[in-house]
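Hello,

Here is the structure we talked about handing over. My notes on it follow below the entry.

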Amino acid sequence: MKQIFKIIFPYKLYLHIFQLERYDINRSLFWIFSHFWKRTTQNKKPLIYTKKAKAILFASILFLILFFLLGIVFYNLSFSFILLFILLFQPYIIIIFSIYLFKPYEFYVKIKAIKKTKTKIKSLKNVKVIGIAGSYGKTSVKNILHHLLSSKYKVLKTPLSYNTILGISQVVDLELDESYDFFICEFGEFKKGDIIEMCKMVDPLYGVMTGINSQHLERFKNIENTTDSIFELFDYLKNKKQRTVINFANEYLKKESEKNKSSGDIISYGDYVSGIIAGNIKFSDDGTSFDLSFENIKKEVKTPLLGNAHINNILGACTMAYELGVSFEEIAEKLKTLPKVSHRFEQQVLGNGYLLIDNSYSSNEDSFNEALFLLEKINRKNKILITPGMVEIGKDSKSVHLKFGGQIEEVCSKVILVGNTIRTRSLADGINDDKVVFMDNIKDMWSVINSFNFNPKDSVIILENDLPDNY
């Protein structure tokens with residue numbers, strides 16, 4: 001009976017979708033109308049009954065009662081029951097009413113959090129804030145930089161991917177105090193103005209810009225808007241006459257940096273004319289070895305982090321750490337003990353012998369290129385890619401996936417495509433049929449892999465992205 005009720009009245013499912021879409025009404029409605037008869041998901045990230053979710057649930061019940069009573073007052077009891085059935089059958093209507101009901105309160109909470117955070121940051125005279133912005137690489141650079149600075153200073157960082165105004169303000173309120181030297185703050189962006197709003201709240205004195213690509217292009221509409229948004233950090237620091245550490249390995253950052261910008265405003269990393277560079281890069285099952293060079297000094301470094309993407313993140317963190325007073329020798333030594341970054345090219349040799357590289361946190365064109373590059377370079381015969389494709393890359397999604405399908409064909413022994421979507425079908429169009437396996441649920445991956453009959457000790461698997469249920 002409970003299952004039948006869920007099928008007829010999918011309130012919990014729709015509330016879950018709204019939560020996954022950060023209560024964005026347009027994006028949530030797009031999913032609902034695109035999956036009009038869908039009533040179940042894989043529930044990879046279950047509905048969390050946060051204060052907001054509970055408030056929306058409570059308000060939804062009140063709206064149901066209100067509409068039912070209004071139906072009786074203005075029409076009749078039969079009409080009220082029909083209206084009640086419609087609202088229960090398509091509950092996104094009352095969810096939207098509930099979201100709008102709380103918008104004024106949310107705005108008040110946001111303004112209050114900004115004001116409280118600004119006041120506290122200003123009161124902490126010894127704490128210097130480092131802002132990190134970019135389409136990708138923010139969390140990795142944040143974690144590496146925290147590790148490097150901790151050798152000399154007391155440092156607090158925003159945990160996990162806490163990168164919104166309310167998330168940052170919560171960390172400042174509960175954890176930041178006068179005993180810290182630095183606060184490393186990750187800035188997330190979903191629209192123009194997000195980063196400058198966070199800059200005004202925490203007042204960064206230093207900044208790192210990690211990269212720009214097509215990630216979230218559906219939200220930003222074009223790469224120019226993305227660039228403008230991320231350069232809000234640069235503009236803020238420039239107004240304070242402070243320099244920004246910028247990744248010149250990224251074409252968009254380099255191009256924008258060189259356009260109408262003074263070199264005195266920028267400290268570059270990621271290219272061979274920057275201060276700290278990496279060379280002689282070699283990959284293995286247990287990490288990456290490379291030569292770290294600065295001026296006439298060269299240090300051999302072995303880190304448990306795997307791949308060129310992490311090397312670039314390391315260079316960004318090293319450049320910022322050096323600017324903040326950590327010596328080159330201290331930096332080289334600390335790199336040997338870097339902790340792995342969860343779900344970001346995180347590798348392990350499994351008990352059965354497979355080398356598993358987990359890059360399931362998210363995916364974008366740079367990340368996908370890196371995954372295929374690693375598969376090509378890792379010295380194992382059988383190369384398996386598992387992916388649902390990339391999301392939020394805008395109108396070019398089909399052509400981008402088709403292009404990567406051709407690259408997969410050249411590199412991979414097998415590719416497991418998760419879900420039957422325009423993304424996975426476009427990837428498959430560029431790959432020979434005998435290499436492709438479609439899979440509905442990531443939980444089935446081992447039964448599919450075992451069917452290949454590969455020697456595990458001569459095989460490598462990369463998980464490239466793992467999408468929540470709204471995708």
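Both faces of strand β3 are covered: Phe182, Ile184 and Glu186 are buried on one side, Phe183 and Cys185 on the other. Buried means under 20% relative accessible area, exposed over 50%, and partly exposed in between (1.4 Å probe, protein chains only). Since 5 of the 5 residues of β3 (residues 182-186) are buried, the strand is largely enclosed by the rest of the structure. Helices (H or I, at least four residues) and strands (E, at least two) are DSSP runs, numbered from the N terminus.

This is a predicted model: local features need pLDDT of at least 70 and side-chain atom pairs count only at pLDDT 80 or more, while totals for chains, interfaces and linings use all residues. Residues are numbered from 1 along each chain as its sequence is written, and side-chain values use heavy atoms, with hydrogens and water left out.

Strand β3 pairs in the parallel sense with β1 (residues 128-133) over 5 bridges and with β2 (residues 155-157) over 3 bridges; pairing requires at least two DSSP bridges between two strands. Glu186 stands opposite Ile132, and Phe183 is the bridge partner of Leu156.

There are 15 salt bridges, each a side-chain nitrogen of Lys or Arg within 4 Å of a carboxyl oxygen of Asp or Glu. One of them joins Glu21 and Arg27 (3.0 Å, N to O), and both of these residues are buried. Another joins Lys240 and Asp203, also at 3.0 Å, N to O. Lys240 is partly exposed at 31% relative accessible area, and Asp203 is partly exposed at 34%.

Regards
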